[in-house]
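My plan is to look things up one by one and jot down what I find.

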Amino acid sequence: MESELDILTEEIPILDIITILLVEDDLITGIALVLLLKMITDDKIIKISLILLIIVLSHV
């Protein structure tokens, strides 16, 4: 059996760390946002989209 590499599963924790670091207001806010995203959905595409939205909106 060949094991397939799931890129999305490996990228979500990296995006979580980037989100926590880039939310400039407060570190606790970044952690809370990431925890809320983990509780909201199990779909990987939606998680990545919401994390990227948070990153973009934190710099606007």
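My entries follow, going from the whole chain down to single residues.

**Ground rules**

I'm working with a predicted model, where local features need pLDDT of at least 70 and side-chain atom pairs count only at pLDDT 80 or more, while totals for chains, interfaces and linings use all residues. I number residues from 1 along each chain as its sequence is written, and side-chain values use heavy atoms, with hydrogens and water left out.

**Whole chain**

I looked up the elements and got 3 helices and 0 strands. Read from the N terminus, the order is α-α-α. Helices here are DSSP runs (H or I, at least four residues), strands are runs of E with at least two, and the numbering starts at the N terminus.

Next I checked burial. Of the 60 residues in the chain, 23% are buried. For my notes: buried means under 20% relative accessible area, exposed means over 50%, and partly exposed is in between (1.4 Å probe, protein chains only).

Then contacts, meaning heavy atoms within 4.5 Å. Among the contacts with a separation of 6 or more, 57% are between residues 24 or more positions apart.

**Helix H3**

I went to H3 and found that it takes in residues 44-58, 15 residues in total. From first C-alpha to last, H3 reaches 21 Å, close to the expected 21 Å. The expected span is 1.5 Å times one less than the number of residues.

Which residues of H3 are buried? I list Lys47, Ile48, Ile51, Ile54 and Ile55. Seen down the axis of H3, these buried residues fall within an arc of 125 degrees, so they line one face of the helix. The arc is taken from the directions from the helix axis to the C-beta atoms. A reminder to myself: an α-helix has 3.6 residues a turn, so residues three or four places apart point the same way. The cover over the buried residues of H3 includes helix H1 (7-22) and helix H2 (27-40).

**Helix H2**

Gly30, Val34 and Leu37 are its buried residues. They fall within an arc of 60 degrees seen down the axis of H2, so they line one face. On the other side of H2, I noted Ile28, Met39 and Ile40 as exposed. H1 and H3 are among what covers the buried residues of H2.

**H1 against H2**

Two packed helices are described by the angle between their axes and the distance between the axes. I got axes that come within 7 Å and cross at roughly 145 degrees for H1 and H2. Axes are lines fitted to C-alpha atoms, for helices over the stretch in contact, and angles run from 0 to 180 degrees between N-to-C directions.

Where do H1 and H2 meet? From H1 come Asp16, Thr19 and Ile20, and from H2 come Leu27, Gly30, Ile31, Val34 and Lys38.

**The core**

I looked up the largest nonpolar core and found 8 residues: Ile12, Leu15, Val23, Leu37, Ile48, Ile51, Ile54 and Ile55. Such a core is a set of buried Ala, Val, Leu, Ile, Met, Phe, Trp, Tyr and Cys residues joined through side-chain atoms within 4.5 Å. H1 and H3 are the elements that give two or more residues to this core. H3 supplies the largest share, 4 residues.

I followed Val23 a bit further. Leaving aside neighbours within four places in sequence, Val23 is in contact with Thr29, Gly30, Leu33, Ile54 and Ser58.

**Single residues**

Asp16 is in helix H1. Is Asp16 buried or exposed? Asp16 counts as buried because its relative accessibility is 8%. Setting aside neighbours within four places in sequence, Asp16 is in contact with Val34, Lys38 and Ile51.

Leu22 counts as partly exposed, at 28% relative accessibility. Not counting residues up to four places away in sequence, Leu22 touches Ile55, Ser58 and His59.

Thr29 sits in helix H2. Thr29 is partly exposed, with a relative accessible area of 34%. Its C-alpha is 10.0 Å from that of Thr19, 10 residues apart along the chain.
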